[in-house]
Amino acid sequence: MKLESKTILNVADVNKSVATESHILDLLKNINLAVNAGETLAIVGASGSGKTTLLSILAGLDLPSSGQVYLQEHPLHQLNEEQRSAVRSKHVGFIFQQFLLINSLTALENVMLPAELSGMTTPKEKAIELLGQVELAERVDHFPSQLSGGEQQRVAIARAFITKPDILFADEPTGNLDSKTGQHITELLFELNKQNGTTLILVTHDEKLAARCQRKVIMESGELVEPDTSMAHVG
């Protein structure tokens, strides 16, 4: 008998509009989406289709113009920035295309930072362990400027997992990397994700990366299109 999965993210009738000088621009239109705990989901689509806007709202970095977003039953659409920040600190991890490491901190210090902010008791030991898992044990004292793009993204992956987030959002995690390095980053990301049982939602142009996810949805002009299950790769 298959156990019913718990929904970790529930989005209902979400719209996002911004006012320009001449008209109202609809970025997202009537988005409905449910994601189960432990699921891996890819959001794909052409540039400008609304993928990153949607990701920002799902993660509580931005608010919808209308509609509801529940993350671990927290109503993000009703919370102010301070409240949403508290939810993110407790439940959410991020990996960005631009890495977004702090240049004045070493690899080890970058990974430790979110753990220290969340009050983890032994952040250094956990950070060293994670840097070892992403094959950077010899680079813990290096600064971002001393690391390659692939190495910086591996630091970012370790940083994302250190607080053991319930859900991880990745925005084009291989977008700034060459094909070989991107493939290596993909393997590390999915291996760590599997070990931690994290829910993963990623935005990508990379069809190979999207195919690694259990489910894929497509953004088209601000709307969400879910392909037939026969099109989705389950792994």
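What follows is a short chat about the sheet, a helix pair and one threonine.

Me: Before we start, what kind of model is it, and how are residues numbered?
Reply: It's a predicted model, where local features need pLDDT of at least 70, side-chain atom pairs count only at pLDDT 80 or more, and totals for chains, interfaces and linings use all residues. Residues are numbered from 1 along each chain as its sequence is written, and side-chain values use heavy atoms, with hydrogens and water left out.

Me: OK, sheet first. What's the strand order?
Reply: The order is β2-β1-β4-β5, 4 strands in an open sheet with antiparallel pairing. Strands here are DSSP runs of E with at least two residues, helices are runs of H or I with at least four, and both are numbered from the N terminus. Two strands pair if DSSP finds at least two bridges between them.

Me: Which strands stand at the edges?
Reply: β2 and β5 (74-75) do; each has a single partner strand, so one side of each lacks a neighbour in the sheet.

Me: And how many bridges between β1 and β2?
Reply: There are 9, joining β1 (residues 7-19) to β2 (residues 24-36) in the antiparallel sense. The two form a hairpin with 4 residues between them, and V14 stands opposite I31 in β2.

Me: What about β1 with β4?
Reply: That pairing is antiparallel too, over 5 bridges, with β4 covering residues 66-71. N10 sits opposite Y70, and L9 has L71 as its bridge partner.

Me: Switching to helices: at what angle do α3 and α5 pack?
Reply: About 25°, with the axes 7 Å apart; α3 is residues 107-117 and α5 is 149-161. Axes are lines fitted to C-alpha atoms, for helices over the stretch in contact, and angles run from 0 to 180 degrees between N-to-C directions. That makes α3 roughly parallel to α5 (under 35 degrees counts as roughly parallel).

Me: Which residues make the contact?
Reply: A107, N110, V111 and P114 from α3, plus V155, A158 and R159 from α5. Contact means heavy atoms within 4.5 Å.

Me: Last one: T186, buried or exposed?
Reply: T186 counts as buried, at 4% relative accessibility (buried means under 20% relative accessible area, with a 1.4 Å probe and protein chains only). T186 lies in helix α6, residues 179-196.

Me: What does T186 touch?
Reply: Leaving aside neighbours within four places in sequence, T186 is in contact with T174, L209 and R212.

Terms used
Parallel < 35°, antiparallel > 145°, perpendicular 65-115°, else oblique. Buried < 20%, exposed > 50% of the residue type's maximum accessible area, 1.4 Å probe, protein only.
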